[in-house]
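Thank you for making time this morning.

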Amino acid sequence: MYIDLVISILLGFAIVAAIMPFAIPELHKLKFGQEVRDDGPQSHLKKQGTPTMGGIVLIIAFIAVGLIYFGRYPKIIPVLLLTVGFGIVGFVDDYLKVVKHQSEGFNPKQKFACQFVFTLIFAVYLYMSPVYSNAMRIPFTNIDLDLGWFYVPALIFIVLGTDNGANFTDGIDGLASSVTAVIAFFIAFASMKTGEGALTPIAGAVFGSLLGFLVYNCHPAKIFMGDTGSLALGGFVAAAAFEMGIPLFIPIFALIYLVEVLSVIIQVTYFKATHGKRVFRMAPIHHHFELGGWSETKVVTVFTIITILLCLVSALGM
């Protein structure tokens, strides 16, 4: 099990590190450049045209490692399918924005509908399959919560919330990559702690791939993952948590995701209710800290440290 973890980490890193030097110039040639918001931090304007959709390389690595291990670890297949499914939604969204120059890509209803379909299929599969327990472990207890038929809507709500939280976290160089790398390593640990290690290889692949991606995505970034990558990562985190029966731990170890998505909800709701007033300088919340004087590197460092500490808390809660 530990050997498979180490090998999957190394494979994920090697695949991304090997492909990225070729992918970046190709994405440049294809003009898959980042569109930067005019109302965003002024320091981000220089990022205009930086290649995006680097999540394609991450997904290639996930699939490659998954194909190696799925025979001995069949439970990685549903996780991988939801991860790739959300990655496809993100790819289409990126393509519409970057290539077709549709500023919003999918409209919110289209994007939600696509995410909903993939999530519903995953939810029904887990609920109907005798291989998986529908119980959810309550943190810091030995109590497993069984929601019965309500498991399906609860799963849909949590998965979609987690996925969009990961999407909002991807806003500055290396933030989503760093935070999710820590979470992926925690998932690998949690998988081994269950005694089965069923998701260890895919979690290791995600961790290793993100380390390889960070070589090019850390500040100043040479490539961005785009929605292709961030939606795939959110799908991985949520799917893995449900397969292991620990979705109620997500607000702890993925608190950054939760805070990011809540900051957007609060900002938009308050803005509409007060006809133009704001709670934060800018949402998602990482931009609030940027506009308050924090450098991108400081935001990434602080958010990553918080995630490390919360993953340790989650480990205690198991």
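**Prolines, loops and what surrounds them**

Let me begin with Pro-284, which lies in the loop between helix 10, residues 255–273, and helix 11, residues 285–291. Please keep in mind throughout that this is a predicted model. The peptide bond that leads from Ala-283 into Pro-284 is cis, with omega near 0°. A cis peptide bond also joins His-219 and Pro-220, and there omega is about -5°. Pro-220 is found in the loop between helix 7, which covers 200–217, and helix 8.

In the loop between helix 10 and helix 11 we also find His-275. His-275 has a positive phi of about 60°, although it is not a glycine. Is His-275 buried or exposed? At 75% relative accessibility it counts as exposed, because the cut-off for that word is over 50%. Phe-140 has a positive phi as well, about 65°, and it is likewise not a glycine. You will find Phe-140 in the loop between strand 1, residues 136–137, and strand 2, residues 144–145.

Leaving aside residues up to four places away in sequence, Phe-168 touches Glu-260, Val-261, Val-264, Pro-284 and His-286. The C-alpha atoms of Phe-168 and Leu-262 are 94 residues apart along the chain, and they are separated by 9.9 Å. With a relative accessibility of 29%, Phe-168 counts as partly exposed.

What can we say about helix 5 as a whole? It takes in residues 151–169, which is 19 residues, and from its first C-alpha to its last it reaches 27 Å, close to the 27 Å expected at 1.5 Å a residue. Of those 19 residues, 15 are buried, so helix 5 is largely enclosed by the rest of the structure.

Val-117 has its place in helix 4, residues 108–128, and at 45% relative accessibility Val-117 counts as partly exposed. Val-117 and Ile-156 are 39 residues apart in sequence, and from C-alpha to C-alpha they are 9.7 Å apart in space. For the second pair, take Pro-21, which is in helix 1, residues 2–29, and which counts as partly exposed at 40% relative accessibility. The C-alpha atoms of Pro-21 and Leu-160, which are 139 residues apart along the chain, are separated by 33 Å.

**The interior**

Let us now turn to the inside, where the largest nonpolar core has 86 residues. Which residues have the most contacts inside that core? They are Met-20, Ile-187, Phe-236, Phe-242 and Phe-253. Helix 6 gives the most to this core, with 12 residues. If we follow Phe-253 and again set aside residues up to four places away in sequence, its contacts include Ile-183, Phe-186, Val-237, Ala-241 and Ile-246, and also Leu-310 and Cys-311.

Gly-208, in helix 7, is another interior residue, and it is buried, with a relative accessible area of 0%. Beyond residues up to four places away in sequence, Gly-208 touches Ile-9, Gly-12 and Phe-13. The C-alpha atoms of Gly-208 and Gly-174, 34 residues apart along the chain, are separated by 14 Å.

**The second largest pocket**

My last stop is the second largest pocket, which has a volume of about 430 Å³. Among the 19 residues that line this pocket, the closest to its centre are Thr-194, Glu-243, Met-244, Gly-245 and Ile-246. The elements that give two or more residues to the lining are helix 6, at 175–193, and helix 8, at 226–243. By class, the lining of the second largest pocket has nine nonpolar, four polar and six charged residues.

Key: Residues numbered from 1 in each chain as written. Predicted model: local features only at pLDDT ≥ 70, side-chain atom pairs only at ≥ 80, totals over all residues. Heavy atoms only, no water. 1 Å grid on protein atoms, 1.4 Å probe; cavity = no way out; pocket = protein on both sides within 12 Å on 5 of 7 lines; lining within 4 Å. Points joined across faces, edges and corners; volume = space filled by probe spheres on them. Helix = DSSP H or I, 4+ residues; strand = E, 2+ residues; numbered from the N terminus. Nonpolar A, V, L, I, M, F, W, Y, C, P; charged D, E, K, R; others polar. Expected span 1.5 Å × (residues − 1). Buried < 20%, exposed > 50% of the residue type's maximum accessible area, 1.4 Å probe, protein only. Core = buried A, V, L, I, M, F, W, Y, C linked by side-chain atoms within 4.5 Å. Contact = heavy atoms within 4.5 Å.
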